[in-house]
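Here is a colleague's note to read beside the model. Please keep the structure open while going through the points.

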Amino acid sequence: MKILILANNDVGLYQFRRELIAALLKEHEVTVSLPYGELVEPLKEMGCAFLDTPVDRRGINPFVDLKLFRSYRKLLKELSPDLVVTYTIKPNIYGGCACRTAKIPYCVNITGLGSAFQKEGVLKKLVVFMYKAALKKARTVFFENTANRDVFLKEKIVPEEKTCVLNGAGVNLERYRVTEYPDGDTTKFLFIGRVMKEKGVNELFTAMKRLVSEGYDVHLDLLGGYEEDYKSVIEENEKSGWLTYHGYQTDVRPFIAASHCFVLPSWHEGMANTNLECAASGRPLITSNIPGCKEAAEDGKSGFLCEKQNADSLYDKMKTFLALSYEERKQLGLCGRYLTEKRFDRETVVRKTMERLF
C-alpha cells in the first residue's frame, strides 16, 4: 500500500511522528511531502521517499495557497497513493481538498486550531468554510484534545463518528526518562518552542524581569527558532544576565536535565509535546490553563497552571514554585512522570492511530 504524508515541516513530523512512520513502513511504502529541512535525511534513512514541497506556513496569500493546492493535485496524479495522511492547517485544507476531488482516501490530523479560531470574525468564518470543504470526505479526523474536537463539532465541520481524539502525539517514554533532579542555588527555568508572541514569550520575559528585580536567583534557558522578530529583545535580555538563548536544538534532553522547571505560557495548543517530554523527564511544569496544555499538568501536584496572556498569573506561579524546597520540586517532577506514563505513552497513541487509519 502506498501512503503519502503531507506536512508543513520536517521537525514536527520526525520528532513527534517517527514511531508512527516506523510502524507504517513495516508493511507500506511511505512518501513524505514537505519543505526540505535538516531532519529530512533521517526520514529518508528510515525508508521514506521524499518530495520537496514548499509550504508558506503563516502567509495568507491566496495565489501562493492556490499554487500549493495545484502542487498537491499534481502529486496525487503522479503517485496515485492508496491513502493520504495530512498534518497542520494548510496541508489539511489544501491536501484534503485535493484528495476529495481526486477521490483518494485521506485522514486528517488537527494538531491545533491556530490563531484563526481565537476570535470571531471574517478569518474564522473563512477557515471554517474551507475546513468543511476539505474534510467532507475524510476517512478519519484526528484531534489532540477534546476541546478542539468540540469546536469542529459545534461549527458542523465534521460529524462526530468521523472523529478520533488522541492524547496528542504522546511521548516516547524510553527516550525521555527521569533524570537526576539538579541542585544549585540558581533556579533554572526552561522554555522550548517557537519564539513568537502566541507561545507566551512576552509574558515569560515580563515575569522573569519582575523576579530578577525582586532579587530572586533565577535564570531562563530559551530554546527554539525565531518565528517572529525577537532577536533584539533577546539580545538585550541576555546582556542583563538572566537569559541564555540557545536557538533550535535537535536534542533537548541535556537542557531538560539541567533545568528545574519547564515553563510554557502558550495561548493555544493542540497538545504541547514539550510539556509531555519535560514531564516524562521528571521536571515540574508551569503552563497555561488551556486545552492542549492543562492535560499535561495536575495543578499543585505535578506543576502549576497559569492564566493565558496574563504575566501576573505566570509570575505568581513561578514565585510559588520558587518557594518550594528541593524535595517538593523533585516530587512534582516525579508526579509528572507518573502522569505521562498513565496517559501519554506514545506506543498507545500509535496503536490507536493505526486502528483508525485503515
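**Notes on a predicted model**

1. Helix α6 (residues 146-154) gives the most to the lining of the second largest pocket, with 3 residues. Helices (H or I, at least four residues) and strands (E, at least two) are DSSP runs, numbered from the N terminus. The model is predicted: local features need pLDDT of at least 70, side-chain atom pairs count only at pLDDT 80 or more, and totals for chains, interfaces and linings use all residues. Residues are numbered from 1 along each chain as its sequence is written, and side-chain values use heavy atoms, with hydrogens and water left out.

2. The second largest pocket holds about 220 Å³ of space. Of its 13 lining residues, Leu113, Gln118, Asn148, His268 and Pro291 are the closest to the centre. By class, the lining has 7 nonpolar, 3 polar and 3 charged residues. (Ala, Val, Leu, Ile, Met, Phe, Trp, Tyr, Cys and Pro count as nonpolar, Asp, Glu, Lys and Arg as charged, and the others, Gly among them, as polar.) On a 1 Å grid over the protein atoms alone, a pocket is an open set with protein on both sides within 12 Å along at least five of seven lines; a cavity is a set of points where a 1.4 Å probe fits but cannot get out; lining residues have an atom within 4 Å of a point. Grid points are joined across faces, edges and corners, and a volume is the space filled by probe spheres set on the points.

3. How many cavities of 30 Å³ or more are there? The count is 2. The largest cavity has a volume of about 70 Å³. Its lining includes Phe16, Leu20, Leu166 and Val349. Both α1 (10-25) and α13 (346-357) supply at least two residues of that lining.

4. Strand β4 (residues 83-87) is mostly covered: 5 of its 5 residues are buried. (Buried means under 20% relative accessible area, exposed over 50%, partly exposed in between, with a 1.4 Å probe and protein chains only.) In a regular strand, side chains alternate between the two faces of the sheet. In β4, Leu83, Val85 and Tyr87 point one way, and Val84 and Thr86 the other.

5. Which strands does β4 pair with? Strand β1 (residues 2-6) pairs with β4 in the parallel sense over 4 bridges. Isoleucine 5 stands opposite valine 85. Strand β5 (residues 106-110) also runs parallel to β4, joined by 4 bridges. There, tyrosine 87 stands opposite asparagine 109. (Two strands pair if DSSP finds at least two bridges between them.)

6. Helix α4 (residues 89-102) has 14 residues; at 1.5 Å a residue it should span 20 Å, and its end C-alpha atoms are 20 Å apart, which agrees. The expected span is 1.5 Å times one less than the number of residues. Because 10 of the 14 residues are buried, α4 is largely enclosed by the rest of the structure. Ile93, Tyr94 and Cys97 are among the buried ones. Just after α4, lysine 103 takes a positive phi of about 60 degrees.

7. Another sheet is open, with 6 strands in the order β10-β9-β8-β11-β12-β13 and parallel pairing. Its edge strands, β10 (243-247) and β13 (303-306), each pair on one side only. Strand β12 (residues 285-288) is joined to β13 by 4 bridges. Threonine 287 has leucine 305 of β13 as its bridge partner.
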